[in-house]
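Trainee: I would like to learn how to read side-chain and backbone features in a model. Could we go through them one at a time?

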Amino acid sequence: MLKKFKIIFSSILFLLLLLMFHGINTHASVVNGIAMQPVYSSDQISKNGLLNPRVKPGSKVNLSFNIINLSYSTTDITVTPNTAVTSASPSIDYSKSNYKYDNSLKYNFRDFFDNKKINMKLQPKKATRISFTAKIPKDGFNGIILGGFYITTNQESTTNVNGTTLNNKYSYAMPVILKEDYKKAVPKLTLGDVQAQNTQTGPVVTSEIYNKRPAMISGMTMTTDIKDSNGNSIFHNYTNSNSVAPNSNFLKSSYITKNNLNPGTYHIKIVAKSDVGNWVLEKDFNVSVSQYLSTVLQNNSFLWLIILLIILVLLIILGYFIYRKIKKNKQANNLNKDDQNVSRTNNNNFK
């Protein structure tokens, strides 16, 4: 009876541990057999499933979290501290170790760590503590510094896309928000260059968007409208659940599928809304004749065949005329030689 009770008790305890590791009341995140659980320090601002300590200038801060291997096999992992950037989605990306950061970024999260990489093996059904020590700059900073511990594993998934087998490696991130003061950081979006370009599927308008402030945006909606010089709409798009990292920039692409962009002036208007602010970004941009012709040729491959045939015909005609000219000159030279020979014969007879 006692042995049976121990077995039941052990089973219940194991289930409770799994539930804990899955995130009930601890905000752990579970993906494909691995869970991450932040280890909150006494300086943690809010227990929100990520590392969010309040730090002091010139201090050293220990940042720790648990990785739980829920699979039945040993898993190799690599952990790197990376500065958060904004991808083209837009969304916050923690995967970049080498990146051309925005020039408004004062401090690079990755530079806070002497140890830039940890490699280790996760034992099956066990939790492993991961720790990094951050050196906070002495000068201090305003707003927030956003980064994350990016984890790659040897786990793979296989997908079949149009008959092609793709092997995808699993990756994860533990976000980190560092903050010193008690002031609320306010982001601001601005619009940079807007250009029309060509792709294999047709013309695309790329807009460079900046967030020059040390504040992040999450849960943002974006509405994009492009009109021609007559006010006719040629593009409309709406997206939600967008996010932007502090002191970062990204390219927003608008793919024009209805028709080609004729030469002329166009106007783009992007309206972005979130709980921390609303922004209206708009600007005129031009499409040149060369850009238009490039798009037409790219979208109509048969035109290239016609152009090549015309060039080939012109080369044949040119070659024919060159051949005739050479032949004519050769005949003229032969006639001159014959005349010279006749002249010499006559002179000899006269003598």
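Mentor: This is a predicted model. Begin with charges over rings: R54 lies over the face of Y182, at 3.8 Å from the ring centre.

Trainee: Which residue lies over the face of Y72?

Mentor: K125 does, at 4.2 Å from the ring centre.

Trainee: How many aromatic pairs are there?

Mentor: The count comes to eleven aromatic pairs. One of them joins F65 and F149, whose ring centres are 5.6 Å apart with 20 degrees between the planes. The pair counts as stacked because planes under 30 degrees apart are classed that way.

Trainee: Where in the chain do F65 and F149 lie?

Mentor: F65 is in strand β3 (residues 60-69) and F149 in strand β9 (residues 144-161), so the pair links distant parts of the chain, 84 residues apart. F65 is buried, with a relative accessible area of 0%, and F149 is buried with a relative accessible area of 0% as well.

A second pair, F109 and F113, is edge-to-face, at 5.0 Å centre to centre and 65 degrees between the planes. Both of these residues are buried.

Trainee: Which residues form one aromatic cluster?

Mentor: The cluster consists of F65, Y107, F109, F112, F113, F132 and F149.

Trainee: What should I expect of nonpolar side chains in general?

Mentor: In soluble globular proteins they tend to be buried together. Here the largest nonpolar core has 28 residues, and those with the most contacts inside it are F65, I67, V79, F149 and L178. At least two residues of this core come from each of β2 (34-39), β3, β4 (75-83), β7 (118-122), β8 (126-135), β9 and β10 (164-179). A second, separate core has 24 residues, including V194, V205, I209 and V244.

Trainee: Which nonpolar residues make a surface patch?

Mentor: I306, I310, V313, L314, I317, Y320, F321 and Y323 make a patch of about 810 Å². Take L314 from that list: this residue lies in helix α3 (residues 301-350). L314 counts as exposed because its relative accessible area is 53% and the cut-off is over 50%.

Trainee: Is Q197 buried, exposed or partly exposed?

Mentor: Q197 is partly exposed, at 36% relative accessibility. This residue is found in strand β11 (residues 189-199). The C-alpha atoms of Q197 and V287 are separated by 9.0 Å, and the two residues are 90 residues apart along the chain.

Trainee: What is the general rule for the backbone?

Mentor: Most residues other than glycine have a negative phi, and most peptide bonds are trans. Now for the cases that depart from this. The peptide bond from S89 to P90 is cis, with omega near 0 degrees. P90 is found in the loop between β5 (85-86) and β6 (92-93).

Trainee: Which phi does S241 have?

Mentor: S241 has a positive phi of about 55 degrees, although it is not a glycine. This serine lies in strand β14 (residues 233-244) and is exposed, with a relative accessible area of 62%.

Trainee: What is the phi of N247, and is N247 buried or exposed?

Mentor: Its phi is near 45 degrees, a positive value in a residue other than glycine. N247 lies in the loop between β14 and β15 (248-255). At 9% relative accessibility, N247 counts as buried, because the cut-off for that class is under 20%.

Methods
Residues are numbered from 1 along each chain as its sequence is written. This is a predicted model: local features need pLDDT of at least 70, side-chain atom pairs count only at pLDDT 80 or more; totals for chains, interfaces and linings use all residues. Side-chain values use heavy atoms; hydrogens and water are left out. Patches are made of residues with over 30% relative accessible area and no salt bridge: like charges are joined within 9 Å, nonpolar side chains (Val, Leu, Ile, Met, Phe, Trp, Tyr) within 5 Å. Accessible areas come from the Shrake-Rupley method with a 1.4 Å probe; for residues, only the protein chains shown count as cover. A salt bridge is a side-chain nitrogen of Lys or Arg within 4 Å of a carboxyl oxygen of Asp or Glu. Helices (H or I, at least four residues) and strands (E, at least two) are DSSP runs, numbered from the N terminus. Buried means under 20% relative accessible area, exposed over 50%, partly exposed in between (1.4 Å probe, protein chains only). Rings of Phe, Tyr and Trp (its six-membered ring) pair if their centres lie within 6.5 Å; planes under 30 degrees apart count as stacked, over 60 as edge-to-face and the rest as tilted. A charge sits over a ring if NZ of Lys or CZ of Arg is within 6 Å of the ring centre and within 35 degrees of the ring normal. A nonpolar core is a set of buried Ala, Val, Leu, Ile, Met, Phe, Trp, Tyr and Cys residues joined through side-chain atoms within 4.5 Å.
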